[in-house]
Amino acid sequence: MDTQQQLDEFQKRIDNGETIEPKDWMPERYRKQLIRMMSQHAHSEIVGMLPEGNWITRAPSLKRKMVLLAKVQDEAGHGLYLYSATETLGAERRELVEDYLYGNAKYSSIFNYPTLTYADICVIGWLVDGAAIVNQTMLAKSSYGPYARANLRICKEESFHKKQGYEMLAKMADGTPEQQRMAQDAVNRWWWPTLMMFGPHDSDSPNSAELIKWAVKTKTNDELRQHFVDRMVMEAEAIGISLPDPNLKYNEETGHWDFGDIPWDEFWSVVKGDGPMNRERMRARRKAYEDGEWVREAAMEYARKKKLREGKAS
Ligand code: FAQ
């Protein structure tokens with residue numbers, strides 16, 4: 001088969017809803033796009049441990065501490081499934097990690113904001129995990145098998161996180177005036193950055209058309225954002241929280257909630273490294289990576305010796 005025939009065959013498989021597996025033929029560009037997106041997703045899960053990890057030692061009760069510890073640990077697990085899934089495309093984990101620590105690879109803008117009070121933890125669970133679920137439920141149907149399966153598992157855990165975040169926020173919103181104020185303040189600060197998580201508008205999204213053609217994404221950034229807003233309006237109302245957007249209005253014609261302009265200048269400045277916490281996040285991740293070098297070396301050496309011993313014994 002020549003290259004054009006291979007491409008046509010590949011597209012036919014995608015259009016038939018088939019899943020692409022690691023050993024199947026795939027266009028080089030499909031592989032590259034997946035490595036980019038999956039590794040960014042993995043980095044995001046790992047950096048995403050920092051804002052919440054900040055509150056583990058200051059959780060308001062033992063129960064809340066256990067819940068938060070488990071959640072942060074789950075995010076680490078998500079990062080690991082995603083790095084493993086990315087390795088099935090021939091990528092080297094060390095290169096991927098070093099590309100975001102010392103190079104140009106991106107991670108989600110949302111994790112460059114500070115967690116100022118414990119209410120931020122509730123809101124991350126509700127809004128950030130809520131947005132991640134909307135995005136990743138779509139990705140669980142992605143054409144690339146290992147990525148789809150990783151997202152399926154991630155979504156199950158994120159659903160649990162979202163429910164516990166919502167439950168905590170509902171309690172605060174029903175609490176003392178000070179708790180109510182903290183809950184509302186956290187929602188006010190996280191609402192717009194959460195809408196930015198879905199990426200730029202479709203008209204400014206250079207990757208969407210290609211990713212949709214290959215069924216890596218099956219919905220656009222704006223479609224997912226709209227779906228998220230529609231759900232959150234109802235959930236906010238149910239617990240007496242207001243969303244900080246004077247232009248939020250139900251549109252009878254479309255059956256969706258219209259919302260105001262997203263501050264895109266802020267988004268691009270965060271993506272370029274100038275958000276409120278970018279430098280601190282990168283410093284913390286680089287330190288962890290460099291402090292852990294001896295552990296990786298010892299583990300590799302142990303694995304090498306074990307293999308040698310087993311080779312001699314057999
Ligand atoms: N932040 O052409 P598009 C989580 C970049 S995990 C930073 O629209 P695409 C779990 C984009 O990379 C959250 N950069 O790109 C958790 C591209 O630049 P490039 C992470 C962004 O790929 C919860 C350029 O802008 N989730 O939350 C962002 O079609 C709680 C143009 O954009 C994933 O990574 C952004 N928000 O769509 C953990 C899911 N948006 O690479 C702890 C997988 C866009 O060409 C606590 N990824 N950019 O240089 C995706 O679904 C997609 O890649 C999008 C972007 C939607 C993020």
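# Close-up views of a predicted model

**Figure 1. S109 sits in the loop between helix 5 and helix 6 (118-139).** Helices here are DSSP runs of H or I with at least four residues, numbered from the N terminus. The model is predicted, so to speak of a local feature takes a pLDDT of at least 70, and side-chain atom pairs count only at pLDDT 80 or more, while totals for chains, interfaces and linings use all residues. Residue numbers start from 1 along each chain as its sequence is written, and side-chain values use heavy atoms, with hydrogens and water left out. Is S109 buried or exposed? With a relative accessibility of 7%, S109 counts as buried (under 20% relative accessible area; exposed is over 50%, partly exposed is in between, using a 1.4 Å probe and protein chains only). Skip the neighbours within four places in sequence, and S109 is in contact with M196, F267, V270 and V271 (contact means heavy atoms within 4.5 Å).

Figure 2. Searching the whole structure turns up 12 aromatic pairs. To pair, rings of Phe, Tyr and Trp (its six-membered ring) need centres within 6.5 Å; planes under 30 degrees apart are stacked, over 60 edge-to-face, and the rest tilted.

**Figure 3. Ring pairs join F10, W25, Y30 and W214 into a cluster.** Follow the ring pairs and you can trace how these four residues link up.

**Figure 4. Two arginines lie over ring faces: R58 over W55 and R296 over Y289.** A charge sits over a ring if NZ of Lys or CZ of Arg is within 6 Å of the ring centre and within 35 degrees of the ring normal. How far is R58 from the ring centre of W55? The distance is 4.0 Å. For R296 and Y289, the distance to the ring centre is 3.9 Å.

**Figure 5. Helix 5 (residues 93-101) packs with helix 12 (residues 278-291).** Two packed helices are described by the angle between their axes and the distance between the axes. Here the angle is about 145° and the axes are 10 Å apart (axes are lines fitted to C-alpha atoms, for helices over the stretch in contact, with angles from 0 to 180 degrees between N-to-C directions). The crossing of helix 5 and helix 12 is left-handed, a term for a near helix turned anticlockwise from the far one by less than a right angle; clockwise would be right-handed. Which residues meet? From helix 5 come R94, V97, E98, Y100 and L101, and from helix 12 come M282, R285, R286 and Y289. The contact holds five nonpolar, no polar and four charged residues (nonpolar: Ala, Val, Leu, Ile, Met, Phe, Trp, Tyr, Cys and Pro; charged: Asp, Glu, Lys and Arg; polar: the others, Gly among them).

**Figure 6. T194 belongs to helix 8 (residues 177-196).** T194 counts as buried, as its relative accessibility is 0%. Leave out residues up to four places away in sequence, and T194 touches I110, L127, V128, A131 and F228.

**Figure 7. A215 has a positive phi.** Most residues other than glycine have a negative phi. For A215, phi is near 55°. You'll find A215 in the loop between helix 9 (208-213) and helix 10 (221-238), where A215 counts as buried at 18% relative accessibility.

**Figure 8. A70, A299 and E293 are partly exposed helix residues.** A70 is in helix 4 (residues 62-87) and has 37% relative accessibility. A70 and T88 are 18 residues apart along the chain, and 28 Å separates their C-alpha atoms. A299 lies in helix 13 (residues 293-313), at 43% relative accessibility. From A299 to H227 is 72 residues in sequence and 45 Å in space, C-alpha to C-alpha. E293 is also in helix 13, with a relative accessible area of 23%.

Note on methods:
Helices (H or I, at least four residues) and strands (E, at least two) are DSSP runs, numbered from the N terminus.
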